[in-house]
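Dear colleague,

Please find below the structure for your review.

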Amino acid sequence: MVFKNKVPFILITALLASSLNFSVVAFAETDAVNSDPTVCSGRITGVTNTYNPNSGVVSFDAHDGPGFEDGAAISLSITGNNPGLAPANRSDAACISKIAGNAYAQAYDYALKGWAWDTNGGFVSFNCASGSNNAGGVDVPCGAFDYGVYISPVQGGIRNLFGYAWNPTLGWIKFKNDPGDSIAYGVTIDVNTGKSSGYAWTSAGVYIDFSGLTLNLPDKAVVVVGGNNWCQGKVGLCVDIAPDPSNLSFSSNLAVKVADGVDGYNVDIYLRDANGNGIDPNDYNPANMGRGKGIAPPDYYDFAKSIKFDWGDTVKLDQVNDVKVGTSLNMIQSPSSVSSPKGAVTFKPMNFFDDFTQAYVEGAKDPGHFVSKKIASYAPTSESKLSLTTSTKPAYYVNNETFLSKPDNLFLPSEKNQLVLKNISYPELIDGFGNTLIQEGVIYPNGKVDLPLKFRPAIYVDNLYAGDLQDSILAYRSVPFFVRKSLAKIGNLGAISNDTVDFHMTYSNSQTTAQSDCAGATFNFTVFDNLTGKTLAVSSDVDVQNKISDLLKSPTDLNITADIPLDPNAKLPCKVASGADVYSVISYSVAGKTVKYYDNKLPRIGGDTIQNPAVVVHGNIYAQSVGNVSGDQRAQTAGSVNVNLIRDAINENLQKYAAVKIANLNKSYDPSNVCSVSGLKEDSQKKGTLVSSCAPGSYASFDVGTEHVAYFKGMDVSLKLPNDKQTSVSDFSGKWVIVADGGNIFVDNNLYISDLDKANLNRISLIVLRSAKDADYYRTGNIYIAPNVRNLQGTFVADGSMFSYDGNHADIDNVDKGTGEPKWSDYSTMIKTLSSQLFIKGALFSANTIGGANLDQGNNAKPYLLGGGGKVIESKTIQDRMKAQYYDLNYLRMFRLDLQLGASGLPIDQKCGKALTPQDQLDILVGKTICGAKQPCDVSLGQEQVNACNGINPLLKYDAQNTDGDLIVPTDDSSLADGLEKTKDFDPVYVYYKAPDKDSFVFSKEGAVNVGGK
């Protein structure tokens, strides 16, 4: 998208006192009426949708905050009807002028002028020409740059808005995309209703939903839609429901009635003779027969009694347990009073005499106009149980009764909850002279066939997302993900009891076990509820129940952990759990009725998986407790005793070869003292040179055989060797041993040479020994790997453990001063930071575990976890598990293949190249053909077409031969380790054993440990 340069916006300094006279009739593009085309008299009414809180609400009627432009709040709406505050004078309000021309290389018939008010950003200016915005006949300064919003000629029954408005907070507001933009958007006007729809985009990166406004063009006859206006001017029998439900949406405002048993719709019936005069029943009272009205009373009453309402009612109190009602509620006036099955509608008119009363206008009768009692419901209807996505741009409304992936134990509604007024039939009405006053017929309310009366939930989950506003559950085994939840209550529900909101965490066992390595696998879910402090664990379905009253007060988090039971003696574990869902069920009793319905849920867009991070080990590894290895070979392990034997050998060799040199380096550990090593060089004479920031004499250097040794005492070492930007190959030469005695080593760049011959000649060994002082013992002896490091080649010996850390040396608090453990602010940060692979090729001797963070799972579950060096960790809190994962090589990295997202934030179906909306995904599930960017594709043909969309599959990698999967490899390889097979090696951590150099002084002691070698 291309935007012009921003210019300062000059706020309105004076609100004009002039006013405009607006005339409101229907919006229909009919013959022009007499008007002055030069006057900005086209009215705009309504407010924009609140799909995104960052955009605020743009009001064309009024705003709800004080005017800041002149320091005073003036109680006058911009339409002059209701109290309001922006702009104070309606002559300055946004309006439409009949001015034709061309702008931005497009023709227009009308131009917008004036201002609207945004609740987040202040005034929105729709026009600026030669420094002035002239809406009401007086120029008001608007800045030094020309811009405007225009309305195109009619194109296919709509008009397009295009051009730019300006807001000092949101910047440029662009109303239609350019042909080259990455995503299509725009605001349009329906020529039949005057209603707007669609989105504008701002240079602040925020979309504004302009749906629901009414734009009345100044030279068109206007017909106001809704509110008893459908029947205006019509003769015979006419039926109107106000407000017109077909023009209402959950997203627009609170006009959709609330399912509280109080809020509702009125049905208006108009009886008019051929001259348009209202037919009043009192005119046919026997007492009035002498007044010449001319028909006998029974004719009128028989006619009225024969007016028939054809209803379709499936609105249930219990909308969760899949109780079907079929047609049983259709002809019941008050379904909520029926014992079984219980409907939710409190009243719907069935009889004209009993259910309608004479309407009045300003205290006087309105002849021929009758109004029903209010139609209300205790439970919401299906089409209005909606929730917004939180990660897409623009946001999408998703129906809470439809599930993209069906958990095994979930009852999906097989019947929608709807209240539909299909039609009204009536007989002929003849007066006493044989004249037909009203012809027999069938009429549709508001002219709509099968008009649904919509009810939105009185209580709903208004805040539900995973992690950082995720619409899908993308998690890792044993790594908690956080689901934010809160409730909102609207309407006049009154006192409720037995009120609960249940949050269910479940998954599809059938889909999971259908994978090749997952037969018999079962996931456990552990949930810690911050609100109650309660922890639950159930094999496949966790139900966390809260009081509605509690969640109405403040939002809270669910901390959810998915566990895959692991058995080291069985086959390899599942890599993913499929079909993970979090869904909510709201239940309460009101007025003796128990209401229950599905509300907000995850996923709202496709792509749910729970990954199983696992280290792939080929060969020996010197660590603890192998619990889950997903490699082709089992790891051969020896406990930490071997690390101790190696340490003994190292200590003896240090004394043997360099006792004098290291004697003077007896320093206490100081974490702020970091020596940065930026080069390891060997010249043609085999002389080694260490390039570093270390002060002379702060370390000892010496050679042992062909190895160059750099010995550091009581300090940390940052090893940051130059890496080639293209290949990530390290620039060093010779065989080096870096020893940090009583300190730590931070590896901040790759240690990697791709050429095998060069790698044999140039090798690195890192040795980290713990301090002998008790205070420093646990916080020393560790190797810390920075997030950008993807390849390690060499021999790595640590008294402590190998950790991943955040790579920030400036923050000395990112490592715990007592334990040496890395510190992460939260799991979300850790997952994002450690999103690259790590490939360790060499020998690793450390106190790490493999599976130590998962010992409480599986058939032989332990009541504890293991940390480094065999330390037992009581498995009680999330923090305990996180601590165990620091030491577990399975969690050294959190890399995974991921779905590709389009510009909208929706996942792309790789088979067809389309970012699928939630509705697209549901359509594909029921067999509908969806086509995308890849052609040829014909929507009239089936899904088996080569380029037809097949839905989002987050379990398999996409390639040309396997089009079922949608996971993709990063195109720039920036998160992939080198040296692995790029087509199949996508686990987060690989450890391939390569024996240390047998001539290394580190392992020269006979019988210390059998490490192989060459």
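Predicted model: local features only at pLDDT ≥ 70, side-chain atom pairs only at ≥ 80, totals over all residues.

Residues are numbered from 1 along each chain as its sequence is written, and side-chain values use heavy atoms, with hydrogens and water left out.

The protein contains 67 strands and 9 helices (DSSP runs, E of at least two residues for strands, H or I of at least four for helices, numbered from the N terminus). Of its 1014 residues, 55% are buried (under 20% relative accessible area, 1.4 Å probe, protein chains only).

A cavity is a set of points on a 1 Å grid, over the protein atoms alone, where a 1.4 Å probe fits but cannot get out; its lining residues have an atom within 4 Å of a point. There are 7 cavities of 30 Å³ or more, a volume being the space filled by probe spheres set on the points, which are joined across faces, edges and corners.

The largest cavity has a volume of about 90 Å³. Its lining has 12 residues, and Glu707, Arg763, Ile764, Ser765 and Asp997 lie nearest the centre. Strand S56 (763-769) is one of the strands that supply at least two lining residues; S56 gives the largest share, 3 residues.

The second largest cavity holds about 70 Å³. Among the residues lining this second cavity are Phe803, Trp824, Met830 and Tyr886. Strand S59 (802-804) and helix H8 (878-887) each contribute at least two residues to that lining.

With kind regards

Methods: Buried < 20%, exposed > 50% of the residue type's maximum accessible area, 1.4 Å probe, protein only. 1 Å grid on protein atoms, 1.4 Å probe; cavity = no way out; pocket = protein on both sides within 12 Å on 5 of 7 lines; lining within 4 Å.
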